Amino acid sequence: MNILNLLIQHSPALIVAVPLFGAFLTPLISRVNEKVRNIFAIFVLALTGVFVLLLSSDVIPNGPRVYIFGAKDHTIPVLRILFEVDGMSIFMAIVSVILALVAVIYSWSFMKENSGLDKYYTLLLLLTASMLGLELTGDIFNFFVFLEITCISSCALIAFWVHEGEAVEAAFKYIVVSAIGALFVLFAIALLYGQYDALNIATLASVIQYTFLDKIALVLLVVVLGMKAGLVPMHMWLPDSYGRAPPSATIIIIGATQASLYGVFRVCFTLYGGIFRDMTLSSVSVGWIIVILGLITVLVGVIMALIQIDFRRLIAYSAVAEIGYIFLGIGVGLVVLGDPTMLDVGKTAMQGGVFHIINDALDVSLLFLVAGAVYYATKENSLNRMGGLARNMKYTTVFFLIGLLAVAGMPPMNGFASKLLIYESVYRINPILSIIAILCSILLLAIFVKVFHSAFLGPKLPRFKDVKEVPKSMLLAMGVIASLIIIFGIFPQIVLSNIVQPAADSLINYGDYIRQIVSSFSGGV
Amino acid sequence: MIFNIPFIAVVAMVFIGLYAVLFKRNLIKIVIGISIIESGVNLFLITLGYREGGVAPIYTSLPAGTNYPEGMVLPVPQALTLTSIVIGVAVLALMLSLVMYIYRHYGTLDVRKIRRLRE
């Protein structure tokens with residue numbers, strides 16, 4: 001029992017340290033044997049998953065937990081790097097670990113014929129470590145550092161198929177956009193540090209004044225993190241990078257995108273949460289901006305997905321649309337944040353938005369994995385040249401059907417559960433927004449039915465007569481996600497009450513997060 | 001500080017960098033632009049921690065007669081800047097290697113000709 005407590009106490013550090021250490025051990029281990037390396041990568045991520053589960057078993061019932069690096073107790077915490085884990089952080093960590101684990105299992109057969117796989121696994125683990133760090137850290141400069149590591153490692157993964165000119169082009173686009181973005185995050189951090197002499201998110205939140213400089217910092221942070229999450233009109237890098245990275249890496253990059261999304265929430269609800277609570281006007285205006293941008297994101301994503309002929313690029317645009325739904329839910333939560341009469345609407349909206357994060361991650365990754373499986377079997381990207389694959393790839397077809405229904409928000413799947421919450425709450429704010437959101441969802445269904453028809457149905461093509469079902473590890477990875485989708489769809493209440501509700505509550509009751517740190521200050525210094 | 005010159009320099013550098021990224025057609029020049037923005041931001045961090053006539057914040061070797069801690073410059077922004085410089089080097093190296101690969105594939109560094117992705 002004692003050991004368990006010790007592990008829980010140190011798990012915030014271990015969650016980041018284990019994959020980071022594993023990343024740098026991977027090149028060494030791949031000297032031994034390829035199989036050993038693959039098992040090692042899976043083992044490292046499984047171990048990380050165990051720590052995440054241990055930590056969540058403590059954080060969800062008992063509230064935020066602080067981990068101070070280099071100190072046993074709260075001695076001069078101002079100077080230390082802190083990790084602070086609350087319901088939202090641990091929720092995001094669970095999503096990231098699931099995605100990373102699935103990606104590594106999928107890579108086993110999918111990337112088999114590539115060379116330089118030791119670097120691939122190193123980057124994969126590095127990206128996982130950095131996005132977990134992004135989600136757990138309580139220090140805003142530390143946040144910037146992890147953001148840059150995410151940027152570097154995902155850029156290298158996007159360009160992994162370096163023999164394709166398009167992949168390198170997409171990677172360059174991504175790194176230009178995110179390097180400039182990260183520098184502006186650093187600028188915003190410097191603006192905050194210069195005024196308040198603190199780098200800790202909770203400390204900053206407790207003293208922030210909402211001066212003119214704070215407004216500039218808010219704009220910079222929300223714009224940059226929104227851009228890294230793929231918010232229209234700053235989404236142009238996303239379809240390129242999602243469409244060109246190896247699909248097994250794409251699903252971890254989805255996790256990294258959502259870690260930036262988490263950054264937006266942290267900024268809006270914790271860092272500026274107190275101000276938004278007191279000054280309803282600014283929370284309403286920021287909330288409306290996010291709602292409108294979210295809706296435009298949905299629209300643009302769906303419309304652009306309509307005209308794509310490249311399988312993975314089409315899925316990437318639908319991923320843009322899904323991100324829009326999350327912003328829609330969170331924006332509504334922000335609009336009604338200061339209004340006590342609308343509290344239940346806000347809560348529903350936030351729950352819908354947060355629940356949609358995990359659903360979006362699962363649905364879109366399943367589709368990418370299917371697209372990867374199709375590419376693996378046929379070496380074909382364009383939908384125009386596919387057809388009749390259902391005859392040769394039975395399981396993949398079933399998985400695609402599940403992903404299709406989930407991403408369009410059809411009832412038995414998980415997408416329905418969260419989208420319904422979002423529609424409900426958006427309807428209370430403005431019915432028209434809700435109608436547009438539902439229409440886009442239907443369009444999404446139409447698009448994917450078209451894809452299903454052109455890729456999987458139809459007569460058997462002579463070119464594809466030797467196409468076989470993909471290897472077992474890829475089927476296993478797709479099967480894991482598909483079964484999660486179905487379980488979440490049939491029993492949404494389990495997920496909602498166990499992990500989504502604590503996450504949404506921790507965003508709304510931002511005070512707990514701040515109190516945890518600020519109280520330790522007065523005791524320690 | 002004289003007329004806030006460092007802050008004016010910061011703004012100038014950020015805007016020069018942004019100009020290069022937005023309007024230059026050569027990939028290498030875009031990379032240089034990003035590098036200039038980075039230097040601007042680093043300068044901003046350093047300027048925040050600067051005190052006129054301050055000494056290096058090393059407790060064990062303070063010059064005689066220094067007021068403690070008012071006479072020292074702030075150490076935290078310097079630590080931040082060092083981290084930021086290290087990250088900047090990594091990003092720069094990655095960007096330049098990508099530029100190299102783009103040149104191999106496309107035979108040009110002109111952004112107008114590198115747009116195979118645009119459909």
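**Entry 1: domains of chain A**

I looked up the division of chain A in this predicted model. Chain A splits into domain 1, covering 1-277 + 511-525, and domain 2, covering 279-490. I took the centres of the two domains of chain A over C-alpha atoms and found them 23 Å apart.

I then turned to the contact between these domains. On the side of domain 1 of chain A, 31 residues take part, and they touch 40 residues of domain 2 of chain A. I listed the elements of chain A that supply two or more residues to this side of domain 1: α3 (87-110), α9 (237-244), α10 (247-271) and α11 (273-278). The most comes from α10(A), which gives ten residues. Sorted by class, this side of domain 1 of chain A holds 22 nonpolar, eight polar and one charged residues.

**Entry 2: G372(A)**

I placed G372(A) in helix α14 of chain A, residues 343-378. Is G372(A) buried or exposed? I counted 27 C-beta neighbours inside 10 Å, so G372(A) is classed as buried, the cut-off being 20 or more.

Next I asked which residues G372(A) is in contact with, leaving aside neighbours within four places in sequence. They are F110(A), P247(A) and S248(A). I also checked P246(A), which is 126 residues from G372(A) along the chain; the C-alpha atoms of the two are separated by 7.7 Å.

I examined helix α5 of chain A (residues 140-158) against helix α3 of chain B (residues 75-106). Their axes are 11 Å apart and the packing angle is about 10°. I therefore recorded α5(A) as roughly parallel to α3(B), since angles under 35 degrees count as such.

From α5(A), I noted F141(A), V145(A), E148(A), I152(A), C155(A) and A156(A) in the contact. From α3(B), the residues they meet are L80(B), T83(B), I87(B), A90(B), V91(B) and L94(B). I sorted the residues of this contact of α5(A) with α3(B) into ten nonpolar, one polar and one charged.

**Entry 3: chain B as a whole**

I found three helices and zero strands in chain B, in the order α-α-α from the N terminus. The radius of gyration of chain B is 20 Å, whereas a compact globule of 119 residues would have one near 14 Å. Along the principal axes, I recorded a box of roughly 65 × 30 × 20 Å for the C-alpha atoms of chain B.

Terms used:
Residues numbered from 1 in each chain as written. Chains lettered and ligands numbered in written order. Predicted model: local features only at pLDDT ≥ 70, side-chain atom pairs only at ≥ 80, totals over all residues. Axes fitted to C-alpha atoms, helices over the stretch in contact; angles between N-to-C directions. Helix = DSSP H or I, 4+ residues; strand = E, 2+ residues; numbered from the N terminus. Parallel < 35°, antiparallel > 145°, perpendicular 65-115°, else oblique. Contact = placed C-beta atoms within 7 Å. Nonpolar A, V, L, I, M, F, W, Y, C, P; charged D, E, K, R; others polar. Buried ≥ 20, exposed ≤ 12 C-beta atoms within 10 Å, placed from the backbone. Domains from an automatic or database assignment. Rg over C-alpha atoms; globule rule 2.2 N^0.38 Å.
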